[in-house]
Amino acid sequence: MGKVTILGTSSAVPDENHENTHMVIQEAGRVILVDCVGSPVQRLKSARIDYDSISDIILTHFHPDHVSATPLLLMALWLMGRKAPINIYGLHDTLDRMKTMLDLFDWKNWPGFFPLAFFPMDEAESVLINDSFIKVTAIPVKHLVPTIGIRVDFKRSGKSMAYSCDTEPCPAVEQIANGVDVLIHEAAGNTVGHSSAGQAAEMAKKTGAQSLYLIHYPVGVETRVRLLEEARNTFDGPVSLAKDLQVIEF
């Protein structure tokens with residue numbers, strides 16, 4: 001069956017127990033990394049995921065707390081002998097900037113480097129991946145830079161999840177999260193480009209989500225307790241703080 005492994009849960013400033021927000025989606029041999037930060041090989045090992053099994057990378061937006069370690073992962077895979085290609089998805093703006101970043105590292109001259117296939121999406125709802133087992137849909141949301149949220153439909157189980165990414169409350173999240181079993185929603189705070197825990201809970205309520213996981217949150221203990229209370233005051237379903245290295249099965 002499908003599963004999502006939360007590799008990190010923190011907002012922009014992590015601590016020793018919380019890495020920046022990113023995750024892995026797995027289904028029927030497909031291994032999709034959503035954003036790439038920190039020390040990716042080490043983190044994937046901690047999650048017991050074979051780093052060489054990564055088939056696809058989705059880059060949600062070009063902020064360093066989401067994509068800064070992408071060149072590091074690609075270099076590590078190359079040095080360890082990877083030959084299989086990797087597909088990389090994101091908005092035109094995000095992928096153009098990532099290509100520029102890779103060019104600064106002169107990646108095209110790394111001898112024997114494995115192929116990268118870039119799949120830019122337009123500023124509209126787009127199906128990124130669709131095979132016999134999984135469908136991944138992306139849609140632009142409302143953040144400080146061009147950003148996407150994603151929906152994942154696991155075809156074998158009939159279950160679904162949505163990840164808001166960094167965003168203010170907006171119709172796009174409501175659209176992709178409609179009727180999902182799990183909504184993973186950011187809770188960095190009610191500021192420009194972000195959402196509070198209460199706003200995340202309101203979105204879960206609007207969409208009819210079965211459960212809510214708060215992610216991309218400030219890591220202080222008192223803050224985390226307050227976030228849960230705030231969300232539970234609005235949403236009657238199960239509410240959890242996503243945890244680093246947590247696995248959610250579908």
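The model is predicted, so local features need pLDDT of at least 70 and side-chain atom pairs count only at pLDDT 80 or more, while totals for chains, interfaces and linings use all residues. Residues are numbered from 1 along each chain as its sequence is written, and side-chain values use heavy atoms, with hydrogens and water left out.

**Exercise 1. The sheet that contains β7**

Task: State the strand order of the open sheet that contains β7, and identify its edge strands.

Solution. Begin with the terms: helices (H or I, at least four residues) and strands (E, at least two) are DSSP runs, numbered from the N terminus. Two strands pair if DSSP finds at least two bridges between them. On this basis the open sheet has seven strands in the order β7-β8-β9-β10-β11-β12-β13, and the pairing is mixed. The edge strands, each pairing on one side only, are β7 (126-130) and β13 (239-241). From one strand to the next, the twist averages 20°. Angles here run from 0 to 180 degrees between N-to-C directions, and axes are lines fitted to C-alpha atoms, for helices over the stretch in contact.

**Exercise 2. The surroundings of β9**

Task: Describe how β9 pairs with β8 and with β10, and decide whether β9 is enclosed or open.

Solution. First, β8 (residues 134-140) and β9 (residues 148-154) are antiparallel and share seven bridges. Within this pair, Thr137 lies opposite Arg151 of β9, and Ala138 lies opposite Ile150 of β9. Next, β9 is joined by five bridges to β10 (residues 159-163), again in the antiparallel sense. Here Ile150 faces Tyr163 of β10. The hairpin of β9 and β10 has four residues between the strands, and Gly158 in it adopts a positive phi near 75°. Finally, burial means under 20% relative accessible area, exposed means over 50%, and partly exposed lies in between (1.4 Å probe, protein chains only). Six of the seven residues of β9 are buried, so the strand is largely enclosed by the rest of the structure.

**Exercise 3. The packing of α3 and α4**

Task: Characterise the crossing of α3 and α4 and list the residues that meet.

Solution. Two packed helices are described by the angle between their axes and the distance between the axes. For α3 (residues 70-79) and α4 (residues 92-104), the axes come within 10 Å and cross at roughly 55°. Angles under 35 degrees count as roughly parallel, over 145 as roughly antiparallel, 65 to 115 as roughly perpendicular and the rest as oblique. The two helices are therefore oblique to each other. Contact means heavy atoms within 4.5 Å. Thr70, Pro71 and Leu74 of α3 meet Met98, Met101 and Leu102 of α4. These contact residues comprise five nonpolar, one polar and no charged. In this classification, Ala, Val, Leu, Ile, Met, Phe, Trp, Tyr, Cys and Pro are nonpolar, Asp, Glu, Lys and Arg are charged, and the others, Gly among them, are polar. As for cover, seven of the ten residues of α3 are buried, including Leu73, Ala76, Leu77 and Trp78. After α3 comes Gly81, with a positive phi near 95°.

**Exercise 4. Gln26 and Val37**

Task: Locate Gln26 and Val37, and determine whether each is buried or exposed.

Solution. Gln26 belongs to β2 (residues 22-27). Its relative accessible area is 17%, so Gln26 is buried. Apart from neighbours within four places in sequence, its contacts include Met1, Val31, Ile49 and Phe154. Val37, by comparison, is placed in the loop between β3 (30-34) and α1 (40-46). Its relative accessibility is 2%, so Val37 also counts as buried. With neighbours within four places set aside, the residues in contact with Val37 include Glu19, His22, Pro64 and Val67. Val37 and Gly8 are 29 residues apart in sequence, and their C-alpha atoms are 8.9 Å apart in space.

**Exercise 5. The sheet that contains β6**

Task: Give the order of the open sheet that contains β6, and describe how β4 and β5 are joined.

Solution. The order of this seven-stranded open sheet is β6-β5-β4-β3-β2-β1-β14, with mixed pairing. Its edge strands, β6 (116-121) and β14 (247-249), each pair on one side only. Within the sheet, β4 (residues 56-58) and β5 (residues 86-91) run parallel and are joined by three bridges. The bridge partner of Ile58 in β5 is Tyr89.
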